[in-house]
Amino acid sequence: IMTFLALVLSVLIFPQALAYWDCPNLTGVNVIGQNNFASTSSATSSLQSPISAARNPKNDELFVINQETEQLFGYNVSESNRIGGSYYYSFGSDNPSKSASSTLLDFPTLLVFDENGRLFVSDTDNNRVLWFDNV
């Protein structure tokens with residue numbers, strides 16, 4: 001079940017940032033993972049190859065798979081925090097050993113939330129889907 005704001009929100013993934021548009025006017029209102037629309041920084045809290053994003057239906061958190069570092073990044077995207085989206089969380093780490101554990105991902109490709117706020121992450125090269133409660 002994709003809960004990522006189906007018709008209200010269209011998503012466009014840039015090489016190092018995630019931008020979103022309020023539909024009908026298609027004017028960008030925010031950039032997640034960079035300070036502005038023109039920045040391409042590779043700082044710790046910046047995105048490098050974002051591939052999937054999903055919003056938790058229980059709060060104002062947006063999670064993004066940062067494929068370059070095999071991590072999930074969490075951002076506060078509340079209405080009062082629309083400018084820049086506040087980075088506050090990361091899970092996983094670069095995994096050169098390609099090992100599997102409850103905290104290591106190997107080529108994560110998709111994440112979704114269900115209506116109860118449970119997070120499911122496809123951990124492609126570990127041939128599994130991780131399930132997280134109370135995210």
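The side chains of Asn 66 and Thr 69 are joined by a polar contact of 2.8 Å; a polar contact is a pair of N or O atoms within 3.5 Å, where within protein one must be able to donate a hydrogen and the other to accept it, and residues adjacent in sequence count only if both atoms are side-chain atoms. The model is predicted, so local features need pLDDT of at least 70 and side-chain atom pairs count only at pLDDT 80 or more, while totals for chains, interfaces and linings use all residues. Residues are numbered from 1 along each chain as its sequence is written, and side-chain values use heavy atoms, with hydrogens and water left out.

Asn 66 lies in strand β5 (residues 61-66); strands are DSSP runs of E, at least two residues, and helices are runs of H or I, at least four, numbered from the N terminus. Asn 66 is buried, at a relative accessible area of 0%, where buried means under 20% (1.4 Å probe, protein chains only). Beyond its neighbours within four places in sequence, Asn 66 has contacts (heavy atoms within 4.5 Å) that include Ser 46, Pro 50 and Phe 73.

The chain as a whole has 0 helices and 10 strands. Of its 135 residues, 42% count as buried.

Further along, β8, β9 and β10 form, in that order, an open sheet of 3 strands with antiparallel pairing; two strands pair if DSSP finds at least two bridges between them. Because β8 (108-113) and β10 (128-132) each have a single partner strand, they stand at the edges, and one side of each is left without a neighbour in the sheet. Strand β9 (residues 119-123) pairs with β10 over 5 bridges, and Leu 119 has Phe 132 in β10 as its bridge partner.

Technical notes:
Buried means under 20% relative accessible area, exposed over 50%, partly exposed in between (1.4 Å probe, protein chains only).
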